[in-house]
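Please read it alongside the sequence and the structure displayed here.

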Amino acid sequence: MKKFLFVFLISCFSLTIISCAKKSSTSSSSTTDNTTTVTENTTTVYDGTYNSVCPSNEKRKYTRVFSGTNMKLITKDYNEDGCSTREGEHVSYTTFTLGDNVTVTKNSDNSSVSAQKITITKTKHTYMFMKDDDTNSANSASSCGFSDWEINVAKDVSSVLNQSGCATGDAIGTVDKTVILMIWSNLWMGDLSGSKDSDNFTATIKDTEMDKE
């Protein structure tokens, strides 16, 4: 059994079911120094899919999808460095609420930039095996309490997260107060390792290394 299922650790915000419904928006946006921030409380300005590349020394890629007030973070596990052979996939589902614009610090150069507050709540977590041998091992071990895993079929592990033999991650209902910003096609979000303001929102922002399709 691959250890990624047992000890998987991911923040779904640092790092969501997607709704088919979208709220229409007449809100305008402002652009300064190639950055885009929202001037009104719209929920559609970030809509779209954002992908990361695979670092040469890692076995994981990320995709973040915004749709209306829903967001999901897809973590794609691979069998080797360079991300060639898929072996599993975590999906963390959340809802979010956008807030006011706020001045934060970019961790790359300590410059100040206007970003938008975003409050994110985790609602669901699924996992899917993509290799036969891993699926068989999971069934033999009753991973996450299931003995009927199927290849390429996701299971909802929300209720068994952080239990022995299952994935470790943010619990359902976890609320994160962070910030968000688009610079060109790059998605920037709060740096969870940085400081926070008086309302507990992240005060530092970093490049997620995810680009919009």
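## Charges over rings

A charge is taken to sit over a ring if NZ of Lys or CZ of Arg is within 6 Å of the ring centre and within 35 degrees of the ring normal. By this criterion Lys124 lies over the face of Tyr93, at 5.3 Å from the ring centre, and the charged end of Lys155 sits over the ring of Phe146, 4.6 Å from its centre.

## Basis of the description

The model is a predicted one, in which local features need pLDDT of at least 70 and side-chain atom pairs count only at pLDDT 80 or more, while totals for chains, interfaces and linings use all residues. Residues are numbered from 1 along each chain as its sequence is written, and side-chain values use heavy atoms, with hydrogens and water left out.

## Overall make-up

The chain contains two helices and 11 strands, where helices (H or I, at least four residues) and strands (E, at least two) are DSSP runs numbered from the N terminus. Along the sequence these elements follow the order α-β-β-β-β-β-β-β-α-β-β-β-β.

Of the 213 residues, 44% count as buried; buried means under 20% relative accessible area, exposed over 50%, and partly exposed in between, with a 1.4 Å probe and protein chains only. The accessible surface of the chain comes to about 10,100 Å², and 44% of this surface belongs to carbon and sulfur atoms; the areas come from the Shrake-Rupley method with a 1.4 Å probe, and for residues only the protein chains shown count as cover.

## Disulfides

How many disulfides does a search of the whole structure find? The search finds two, a disulfide being a pair of cysteine sulfur atoms within 2.5 Å. With bonded cysteines counted along the chain, their pattern is 1-2, 3-4.

Cys54 and Cys83 form a disulfide with sulfur atoms 1.8 Å apart, and the torsion about their S-S bond is about 70°, so this disulfide is right-handed. Cys54 lies in the loop between β3 (48-52) and β4 (60-67) and Cys83 in the loop between β5 (70-78) and β6 (86-106), so the pair ties together parts that are 29 residues apart in sequence. Cys83 is buried, with a relative accessible area of 11%.

The sulfur atoms of Cys144 and Cys166 are 2.1 Å apart in their disulfide, which is right-handed with 90° about the S-S bond. This pair links distant parts of the chain, 22 residues apart, with Cys144 in the loop between α2 (132-141) and β8 (155-156) and Cys166 in the loop between β8 and β9 (175-183). Both cysteines are buried, Cys144 at a relative accessible area of 7% and Cys166 at 1%.

## Aromatic contacts

The structure holds seven aromatic pairs; rings of Phe, Tyr and Trp (its six-membered ring) pair if their centres lie within 6.5 Å, and planes under 30 degrees apart count as stacked, over 60 as edge-to-face and the rest as tilted. One of the pairs, Tyr127 and Trp149, is edge-to-face, at 6.4 Å centre to centre and 75° between the planes. Tyr127 lies in strand β7 and Trp149 in the loop between α2 and β8, so the pair ties together parts that are 22 residues apart in sequence. Tyr127 is buried, with a relative accessible area of 0%, and Trp149 is buried as well, at 3%.

Trp149 also forms an edge-to-face pair with Phe146, at 5.8 Å centre to centre and 90° between the planes; Phe146 counts as partly exposed, at 25% relative accessibility. Elsewhere, Tyr46, Tyr50, Phe66 and Phe96 form one aromatic cluster.
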